[in-house]
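Subject: Handover of a structural model

Dear colleague,

Please find below the sequence and structure that I am handing over to you. My account of what was found follows directly after them.

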Amino acid sequence: MFSVEDLKKYGIKDIKEVFYNSSYEEIFEHETLIDKSKVSKNGATMVDTGIFTGRSPKDKYFVKQPPSSEKIAWGEINHPISKEIFDELFEKAKRELSGKNLYVQDLFCGASENSKKRIRVITELAWQAHFVKNMFIRPTKEELKDFEPDFVLYNAAKVTNEKFKEHGLNSEVFVIFNIEENVAVIGGTWYGGEMKKGIFSMMNYWLPLENKLPMHCSANIGKDGDVALFFGLSGTGKTTLSADPNRRLIGDDEHGWDDEGVFNFEGGCYAKCIGLDPENEPEIYGAIKRNALLENVVSDEFGVVDFNDSSKTENTRVSYPIEHILNHEPSLKGGHPKNIIFLCADAFGVLPPVSKLTKEQAMYYFLSGYTAKVAGTERGVTKPVATFSACFGEAFLPLHPTVYAKLLGEKIEKYDVSVYLVNTGWSGGAYGVGKRMSLKTTRACITAILDGSIKDAQFGVTNVFGLYYPLSLNNVDSEILNPKNAWGERRDEYKQTRDHLAKLFIENFKKYLTKDAKFDYSKAGPDLNRILSCSARLDKK
């Protein structure tokens, strides 16, 4: 059994008591009695994460030292920090954790026996132990007997770096990864997602070096064993659409793809709660019960949560063990995918509700990683703003995006995977004029992909973007399948908006067009001079 003595080797001193792999019952007791956390009417613990209700990407650093420094793609995403500054902040974090009661959770990241990593998380807050217990894979007692971590994460949320200006860093907050020492240190932010995405970043470093693909996607599996992957940035419906009552959920956010197939990195889900509706999202709503952990929600004195209240943040969240989704896949694994779906919320109203992509288009839209922000979601955003995040998760990619794209392309070809682009955003006009695609329409598009009926459709081809869209589809209004038609008489306005979005795509993709680029898929993207015939028949691959 893990003890105080075991923690001393990590340089943490005068530890009062260690709570090792505490049960949910013990954590709940500590949350409510010690942390004074409130409990929602349906039994979930509620916590506030302070001024940080989301990640702090500008405060994320990697220690710049070989050999990892030769592999990391340095720049706006991956910021370097010296070994000397890391050591100073690491010591500061260990002093913060000293003299306290500490929580230690030993967990797995990855359901594949050949690809999983053993993770140890040390924190002084009960709810943060609860969070990682929800989010990662919980070992059995037998597996804990000889557990030796591959990586240790120290969460010293209460400590800050007052010397950040002297150090040349962004703020008092720091999230630092020392790859050579297999250590991460968090300071200054209480947001739970930093731990989840920190380990995800490490998986994005480790797995490609083993020729395995880490993915920011959800996954589910049908009755016949057919696996589907759903890629998409926050707000596109990745969690909602993968929680399908007719299919078993493998996982809602982070997966790997190795020689055996697809596997979940996690043992739980981390769903957005803003606007949560029990009718539209019954699986997620039903998962909010005892052992679930709500972040930054607003409730009344009786613990009744108002999921429409965004006064604390738009990014209200709930984490819960995947067992709370009744229709989940117990193994957290599946075979090689049959279908891949790229989700985007196009607030410009230009992209079709569903498009069948060629392999070249799949590579282009994977590297583009498009969605759009709308007015009201961020301060200063008053009209649709295009967002491009390579591989639908650029913030978590230590290596260059083309490393992951290369692996995806190889696997699409090797396993004969079909790829689709699904727009969960606006139709008939941009945000403020058009209408948001109904969940019913999007689900009908997804159903047609998963049951294969979409392959029997006659396809049209959009001008400029060159996307293949079905001319008719079960339970979908044919008028909206072609975005130009959905705009009605406002054809000139549609063309101007379409060309504006096309230019944004073209400009974004230029960063991949270097002289020695092996990933020039620009011809698969929008072309302002492309005029195509009105219909085409796609190969029923």
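This is a predicted model: local features need pLDDT of at least 70, side-chain atom pairs count only at pLDDT 80 or more; totals for chains, interfaces and linings use all residues.

Which residues of strand 14 point one way, and which the other way? Glu254, Gly256 and Asp258 lie on one side, while His255 and Trp257 lie on the other.

**Strand 14 and its partners**

Strand 11 (residues 213-221) runs antiparallel to strand 14 and is joined to it by 4 bridges. Within this pairing, methionine 215 has histidine 255 of strand 14 as its bridge partner. Strand 14 also pairs with strand 15 (residues 261-264), again in the antiparallel sense and over 4 bridges. Here aspartate 258 has glycine 261 of strand 15 as its bridge partner.

**Helix 11**

Strand 14 is also among the elements against which the buried residues of helix 11 pack; the others are helix 7 (193-206), strand 11, strand 22 (337-344), helix 10 and strand 26 (418-423). The buried residues in question are Pro401, Thr402, Tyr404, Ala405, Leu407, Leu408, Gly409, Lys411 and Ile412. Helix 11 (residues 401-414) comprises 14 residues and spans 20 Å between its first and last C-alpha, close to the 20 Å expected at 1.5 Å a residue. Aspartate 416, which follows helix 11, has a positive phi near 55°.

**Helix 10 against helix 15**

Helix 10 (residues 359-368) has a further contact to report. Its axis and that of helix 15 (residues 491-509) come within 10 Å and cross at roughly 85°. Helix 10 is therefore roughly perpendicular to helix 15. On the side of helix 10 the contact involves Tyr364, Tyr365, Leu367 and Ser368, and on the side of helix 15 it involves Phe505, Ile506, Asn508 and Phe509. Of the residues in this contact, 6 are nonpolar, 2 are polar and none is charged.

An open sheet of 5 strands has the order 2-3-17-20-16, with mixed pairing. Its edges are strand 2 (38-39) and strand 16 (268-272), each of which pairs on one side only. Strand 17 (residues 293-295) and strand 20 (residues 317-321) run antiparallel and are joined by 3 bridges. In that pairing, leucine 294 stands opposite valine 318 of strand 20.

Strand 4 pairs with two strands described here. It runs parallel to strand 9 (residues 174-178), to which 3 bridges join it, and lysine 60 stands opposite valine 175 of strand 9. Strand 4 likewise runs parallel to strand 5, with 3 bridges between them, and valine 63 has isoleucine 81 of strand 5 as its bridge partner. Lys60 and Phe62 point one way from strand 4, Tyr61 and Val63 point the other way, and all are buried.

**Loops and backbone geometry**

Most residues other than glycine have a negative phi, and most peptide bonds are trans.

- The peptide bond from proline 66 to proline 67 is cis, with omega near 5°; proline 67 is located in the loop between strand 4 (60-63) and strand 5 (79-81).
- Lysine 36 has a positive phi near 60° and sits in the loop between helix 2 (24-33) and strand 2. Its relative accessibility is 63%, so lysine 36 counts as exposed.
- Cysteine 391 has a positive phi near 60° and belongs to the loop between strand 25 (385-388) and helix 11. Its relative accessibility is 6%, so cysteine 391 counts as buried.

Phenylalanine 307 is another loop residue, placed between strand 19 (305-306) and strand 20. Is phenylalanine 307 buried or exposed? Its relative accessible area is 10%, so phenylalanine 307 is buried. Leaving aside residues up to four places away in sequence, phenylalanine 307 touches Cys273, Ile274, Gly275, Leu276, Tyr285, Ile288 and Leu294. The C-alpha atoms of phenylalanine 307 and leucine 351 are separated by 30 Å, the two residues being 44 residues apart along the chain.

With kind regards

Terms used. Residues are numbered from 1 along each chain as its sequence is written. Side-chain values use heavy atoms; hydrogens and water are left out. Two strands pair if DSSP finds at least two bridges between them. Axes are lines fitted to C-alpha atoms, for helices over the stretch in contact, and angles run from 0 to 180 degrees between N-to-C directions. Angles under 35 degrees count as roughly parallel, over 145 as roughly antiparallel, 65 to 115 as roughly perpendicular and the rest as oblique. Contact means heavy atoms within 4.5 Å. Ala, Val, Leu, Ile, Met, Phe, Trp, Tyr, Cys and Pro count as nonpolar, Asp, Glu, Lys and Arg as charged, and the others, Gly among them, as polar. Buried means under 20% relative accessible area, exposed over 50%, partly exposed in between (1.4 Å probe, protein chains only). The expected span of a helix is 1.5 Å times one less than its number of residues.
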